[in-house]
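Visitor: I would like to learn how to read side-chain features in a model. Please take them one at a time.

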Amino acid sequence: MSKRKPEENDEVDIKKVKSDDEVDIKKVKSDDEVDIKKVISDDEVDIKKVISDDEDLTSISTKEPSTYSSLYDDVVGNGVLDKKNGRNLRQKCFNYVDAKKKKVPLHMIKAKKLLFDDPSVFKQSQYYFEHGLRKVEPYFYTFDTFCKERWLGKTLREIYSKEFRLYPIEVYEQAAASGNLLLNLNRVKSLDTVVKNNDLISTKLHRHEGPVTAAPIEILVDNGKYLVVNKPSGLPIHPCSRYRDNTLLFILAKEHEYMHIHTCHRIDLLTSGVCIFAKTKYVAQTLTKEICERKVEKEYVCKVVGEFPDKGEEGYHCDAPITNINPKLGYVVAWHVEGRASKTAETTFHRISTDGETSVVLCRPKTGRTHQIRAHLQLLGFPIVNDPIYNHSAWGESRFKYGPCELDLEKVVDQIITQWKNNPLRMHGGVGGVEDKSPLEGAEEEDKPALEGAEVVRVRKFYPNCPECVKPLPDPNPKALVMYLHALKYKGDSWMFETPMPEWAK
C-alpha cells in the first residue's frame, strides 16, 4: 500500500484553571511574540457546561482536581525562545520541532538518535486491559504542526471548527487564553488570527488514546532481514491521530523489544493481516522500491454484502480512478469528482464462496491507493459487510448498486462524522459509523471481563478542563473494531509472506 506521512495534529488540549472564574494571562513583551490582550472574565464559558449542560457530574465531584503547567510556561521554562536557539523566531520554531522529533534536548538537535534509543519513552504511560480492549493511561502530549497548504488564509477558528471537531470551539478558545495553544511558540490574540505559510501551531492536551483490540500480535517471520507479523484488525501501524502507545510499532518495541525496525508499507487501521518490517535500512529501501514499482503481488480476502458475480479465472476487473474527497479523514470515492484530482487504480476480484446474502472475495490490487479495495467494492455495489465508512447508511441504497453515489458527498461525510460524535459506542474512534445492518452490533458474553465480579480500582488524576476527564468517551464494542478485510499474502521476486485464512472467511 502507498505510504503516507502521519500527521499528529487531530486534537488539542485545554487550559489549566488557576481559579474558579478567571484565568491570569501574562503579557510577555517580545518583538517576535503575538500580543495577547483579551483576559477571560467572570462570564467565561464553563467547560463542563460546554460539554453537557445537563450531565450528572456526581461521579467525578469527589475527585481532587489536578493542575499542570501550560504549554507556554513549558516553552519559556525550557529556554526555547532564547537567542541561542535561533537567529529569529522562524529558526527557533524549526529547531524546537526538530529537537522533539529526535527526542533530544534542544541543544542536541544535530545528534543522530532513533526514536526508541531512549527507554524513558516507554515509562511515560502505562497499558491496562479491560473488556477485551487494550487501553493507555492518559498522559500529557504536545502536538506540533506547520501550516498546511489548505489552511493558508484561514483563521485558527475556521481550522479548528472544520478539521478538529472532537471538542466545541469554546474548548480551543480557552486553550488559547491559557497558553496551551500557541502560534509560532507564542500566545495568540484570538482564534480569529489568520495563519500564514510556515506558521507553527502547537497544542498541549491531556491525551486519552483510543482503545484498540487486545488481540495478540502473531509473529510470522523473524530473521536477519524481515520481521513479519499478522496485524490484528483495529490496531494502527504507526503513531497518528489519537494514537501513540496503542500502535503496532510502539507495542512491538515496548513488549517485544523490536526497537529499530523499518516500516516498508502500510495497511489500514481496521485491516488485518500481513505487515512487513525490515531489520535494516538497505532491506527497507529495496522492499519499498519493489512495492513502488508494482513488482509485489498482493492478495487480500474480504466478505461483502450480496452475491458477488463469479467471472471465472479472469475475475471481475475494476479500473475506476480513486478520488480523495476529504484530505483530513482520507475518505475516497471510486469515480471522478469535479474540482478534485484522481489517481489511477486497478483491482481484480475473484469470488471464493457465497451463501446468497454475503460473499467471500479474493482481491488482487495492482495499485496501492488509499482505501482502494473498499472504494472499488462500493462502486460495484458490494461493500464490505462491516465497513464503517463505505457501507455506512449515509450513502443510501446507492452503495448496493453499481455506479457513483449521486448524493452530496460533503453531506455524506458530515453525516458519518456526526453519527460518530453522537453515538461513539457503535463506531471506531475517528473512523466512521458501523453500518446499520452490521451483524456485529451489541456486546456478547465473551466480551465481558475475565474476572467476573472482581473489583478493579484505578486511581487517575482528574483535570477539570480536560473534556475527556469531564465526559469520557464510551468504549467501542471490541467486535466493532473488526472489519472483514484481510491482507492474506505479499509475494516478491525472492520472498513470500502469507497468513492463515481468517476465521470469518472460512
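Guide: Start with a charge over a ring, which requires NZ of Lys or CZ of Arg within 6 Å of the ring centre and within 35 degrees of the ring normal. Lysine 148 lies over the face of tryptophan 151, 5.5 Å from the ring centre. The charged end of lysine 204 is placed over the ring of phenylalanine 140, at 5.4 Å from its centre.
The model is predicted: local features need pLDDT of at least 70, side-chain atom pairs count only at pLDDT 80 or more, and totals for chains, interfaces and linings use all residues. Residues are numbered from 1 along each chain as its sequence is written, and side-chain values use heavy atoms, with hydrogens and water left out.

Visitor: Which residues do ring pairs link into a cluster?

Guide: A pair of aromatic rings is described by the distance of the centres and the angle of the planes. Rings of Phe, Tyr and Trp (its six-membered ring) pair if their centres lie within 6.5 Å; planes under 30 degrees apart are stacked, over 60 edge-to-face, and the rest tilted. Here the cluster consists of Trp151, Tyr160, Phe164 and Tyr172.

Visitor: How many aromatic pairs are there by this rule?

Guide: The count is 15. One of them joins tyrosine 226 and phenylalanine 497 edge-to-face, with 5.2 Å centre to centre and 70 degrees between the planes. Tyrosine 226 is in strand 9 (residues 226–231) and phenylalanine 497 in strand 22 (residues 496–498), so the pair ties together parts 271 residues apart in sequence. Strands (E, at least two residues) and helices (H or I, at least four) are DSSP runs, numbered from the N terminus. Both tyrosine 226 and phenylalanine 497 are buried; buried means under 20% relative accessible area, exposed over 50%, partly exposed in between (1.4 Å probe, protein chains only).

Visitor: Which residues have the most contacts inside the largest nonpolar core?

Guide: In soluble globular proteins, nonpolar side chains tend to be buried together. A nonpolar core is a set of buried Ala, Val, Leu, Ile, Met, Phe, Trp, Tyr and Cys residues joined through side-chain atoms within 4.5 Å. The largest one has 87 residues, and Phe277, Phe349 and Trp395 have the most contacts inside it. Helix 7 (residues 248–256) gives the largest share of this core, six residues. A second, separate core has 17 residues, among them Cys147, Leu156, Tyr172 and Val188.
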